[in-house]
Amino acid sequence: MIRAVFFDIGETLVNEGEIYGRWADWIGVPRHTFLTKLGALLATGGDHMDLFEHFRPGFDLEVEEKRRVEAGVPNGFGPDDLYPDARACLSALHDQGLYVGIAGNQPVEAAERTAALGLAADAIGISDVWGISKPSPEFFERCARLAGMPPEHVLYVGDRIDNDVRPALKYGMHAAFLRRGPWGHIQKDDDALSECLFVLDDLDVLPGLVARHNAAP
């Protein structure tokens, strides 16, 4: 049975489109160009830091974040960035008596931002607070330990095959792959997806799927 469900943050619970858009504005690149280049980099094995480096060689994220704060330019995420299916999904799972956690690769500041969303979560785990990040097995071990469950009773939900699906499965957890956001639509691995307990296009269906799974003989 599934007794605990943990959720990634970016592009699982939080829509990062506006976050990337504000970064494009900050460095002076048209938003559609910025996002198109992100997709191209992801398709060839790159990541978001390669995106910044492409447009701003020598880009220092920490320095630029401080400059944005000093300039009064919004950074990070807030309630308006929450995907519309996220709140109801977590509440429905919590109402089933499941342990619900949120855990993702995020900066320290994301702990307060995530808590401020007021989601039905028993725990919030932030990689830079823990000092452990995905895809490290220690990250998933920390999730299981928070829930007080062996990994075979834990489901991890995320939009990335490399950071979410493969390492969760390797640790012994169940995995649900959410096909949304850039990573969710670009990354491909049929073998990994075949091992997922669920492959989702949204979070609306997840509570029902978990309930049926747990009710099966």
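**Close-up views of the predicted model**

Glu-11 is a buried residue, as its relative accessible area is 3%.

**View 1. Glu-11 in the loop between β1 and α1 of the predicted model.** The loop that holds Glu-11 runs between β1 (4–7) and α1. Glu-11 has a phi near 65°, which is a positive value in a residue other than glycine. Glu-11 counts as buried because its relative accessible area of 3% falls under the 20% cut-off.

**View 2. The cis peptide bond between Lys-134 and Pro-135.** Omega of this bond is about 10°. Pro-135 is placed in the loop between α7 and α8 (137–147).

**View 3. The centre of the largest pocket.** The space in this pocket comes to about 950 Å³. Its lining is made up of 32 residues, and those closest to the centre are Glu-16, His-48, Asn-105, Gln-106 and Pro-107.

**View 4. Helices in the lining of the largest pocket.** Two or more lining residues come from each of α1 (17–27), α3 (48–55), α4 (61–71), α7 (127–130) and α9 (161–171). With five residues, α4 gives the most to the lining.

**View 5. Residue classes in the lining of the largest pocket.** Charged residues number 13 in this lining.

Technical notes
Residues are numbered from 1 along each chain as its sequence is written. This is a predicted model: local features need pLDDT of at least 70, side-chain atom pairs count only at pLDDT 80 or more; totals for chains, interfaces and linings use all residues. Side-chain values use heavy atoms; hydrogens and water are left out. On a 1 Å grid over the protein atoms alone, a cavity is a set of points where a 1.4 Å probe fits but cannot get out, and a pocket is an open set with protein on both sides within 12 Å along at least five of seven lines; lining residues have an atom within 4 Å of a point. Grid points are joined across faces, edges and corners, and a volume is the space filled by probe spheres set on the points. Helices (H or I, at least four residues) and strands (E, at least two) are DSSP runs, numbered from the N terminus. Ala, Val, Leu, Ile, Met, Phe, Trp, Tyr, Cys and Pro count as nonpolar, Asp, Glu, Lys and Arg as charged, and the others, Gly among them, as polar. Buried means under 20% relative accessible area, exposed over 50%, partly exposed in between (1.4 Å probe, protein chains only).
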